[in-house]
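Hi there,

Here is the structure I promised to pass on to you. Please have it open while you read, and my notes follow below.

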Amino acid sequence: TRVGLHCSGVLITDSHVATAAHCIPPELRGVINASVRFYKKNRFKVGLTSLSHTQSNKSIVRWRGIKNVHVPDRYRECEEMPDSQGCREDIRNMDYAIISLSRRSGLSYIPLRADFAQRDTNKQIHILGFPSDMNGMLAYSTCMIQRVSADRSRLYHSCDTNMGNSGGPLIEMQIDSATQKHTYKVIGIVQGSEKTVFSYKGIRIETSNNIATRIGSSVYRDMNI
């Protein structure tokens, strides 16, 4: 799913899209209507597509208007007062948003997971999105979750992402042991990258980690789908 001009997302019900909170302009949070304009002449809309909808190497996008947007209250508070106690951490932990479409999509969707007791480390995942270096094409990649943050709010993964992937889904595929059918669930929302600085034998080392908001019980409840 394309969100605005520079982000991705995922259809999680017939009429709801999950994305990253930082992908939603502040003036569009809360109840809005289709007349709201974004980036001057362009309306802020959501473009729905799928891996099967391709033509001449270009993803076919069905654009939809939006009815309202939910961004966590704490995320909005911390954007307004970023130096407040705990805000640096809370913004990273709550970088998600739910977009309600103005009408049903009529497309298949990938639901959020509801089993939060699973161990996520070393789990294989799939990422979908519209990275800026793919010229408008829907890109797919697979990789592993390397670790989970201590508070279990963020997932660190090894997938190659670029500008435009933000808000896209981390998808887990499961196989039903009885029917051997594949099921897919969204377990995280791509945030971007996070720099980590540490010292090794007196040498300053800086690394970059790809991170995603983990769909845990508190996030699931707040999304209120």
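Let me start with isoleucine 189: setting aside neighbours within four places in sequence, isoleucine 189 is in contact (heavy atoms within 4.5 Å) with Val10, Ala18, Thr19, Ala20, Gly167, Gly168, Ala212, Thr213 and Ile215.

A word on the basis of all this. The model is predicted, so local features need pLDDT of at least 70 and side-chain atom pairs count only at pLDDT 80 or more, while totals for chains, interfaces and linings use all residues. Residues are numbered from 1 along each chain as its sequence is written, and side-chain values use heavy atoms, with hydrogens and water left out.

**Nonpolar cores**

Isoleucine 189 belongs to the largest nonpolar core, which has 19 residues; Val10, Ile12, Val186, Ile189 and Met223 have the most contacts inside it. Strand S3 (10-13), strand S18 (182-200) and helix H3 (217-223) are the elements that give two or more residues to this core. Another core, of 12 residues, lies apart from it and includes Leu11, Ala21, Ile66 and Ala97.

Here a nonpolar core is a set of buried Ala, Val, Leu, Ile, Met, Phe, Trp, Tyr and Cys residues joined through side-chain atoms within 4.5 Å. Buried means under 20% relative accessible area, exposed over 50%, and partly exposed in between (1.4 Å probe, protein chains only). Helices (H or I, at least four residues) and strands (E, at least two) are DSSP runs, numbered from the N terminus.

**Disulfides**

Counting cysteine sulfur atoms within 2.5 Å as a disulfide, the total is three. In sequence order of the bonded cysteines, the pairing is 1-2, 3-4, 5-6.

- Cysteine 7 and cysteine 23 are joined with an S to S distance of 2.1 Å. Cysteine 7 is in strand S2 (residues 7-8) and cysteine 23 in the loop between strand S4 (16-19) and strand S5 (30-31), 16 residues apart. Both cysteine 7 and cysteine 23 are buried.
- Cysteine 78 and cysteine 87 have their sulfur atoms 2.2 Å apart. The torsion about their S-S bond is about -75 degrees, so this disulfide is left-handed.
- Cysteine 143 and cysteine 159 have their sulfur atoms 2.0 Å apart. Cysteine 143 sits in strand S15 (residues 139-148) and cysteine 159 in the loop between strand S16 (154-157) and strand S17 (169-175), so the pair ties together parts 16 residues apart in sequence. Cysteine 143 and cysteine 159 are both buried.

**Salt bridges**

With a salt bridge taken as a side-chain nitrogen of Lys or Arg within 4 Å of a carboxyl oxygen of Asp or Glu, the structure holds 10 of them.

Which partners does aspartate 120 have? The side chain of aspartate 120 meets arginine 113 in a salt bridge at 2.9 Å, N to O, and arginine 214 in another at 2.8 Å, N to O. Aspartate 120 is in the loop between strand S13 (97-101) and strand S14 (124-129), and arginine 214 is in strand S19 (residues 203-214), 94 residues apart. Through shared partners, salt bridges join Arg113, Asp120, Lys123, Glu172 and Arg214 into one network. Aspartate 120 counts as buried at 2% relative accessibility, arginine 113 at 2% and arginine 214 at 4%.

Glutamate 77 and arginine 74 also form a salt bridge, with the closest N and O atoms 3.6 Å apart. Both lie in helix H1 (residues 73-80), three residues apart, about one turn of the helix. Glutamate 77 is partly exposed at 39%, and arginine 74 is partly exposed at 25%.

Best wishes
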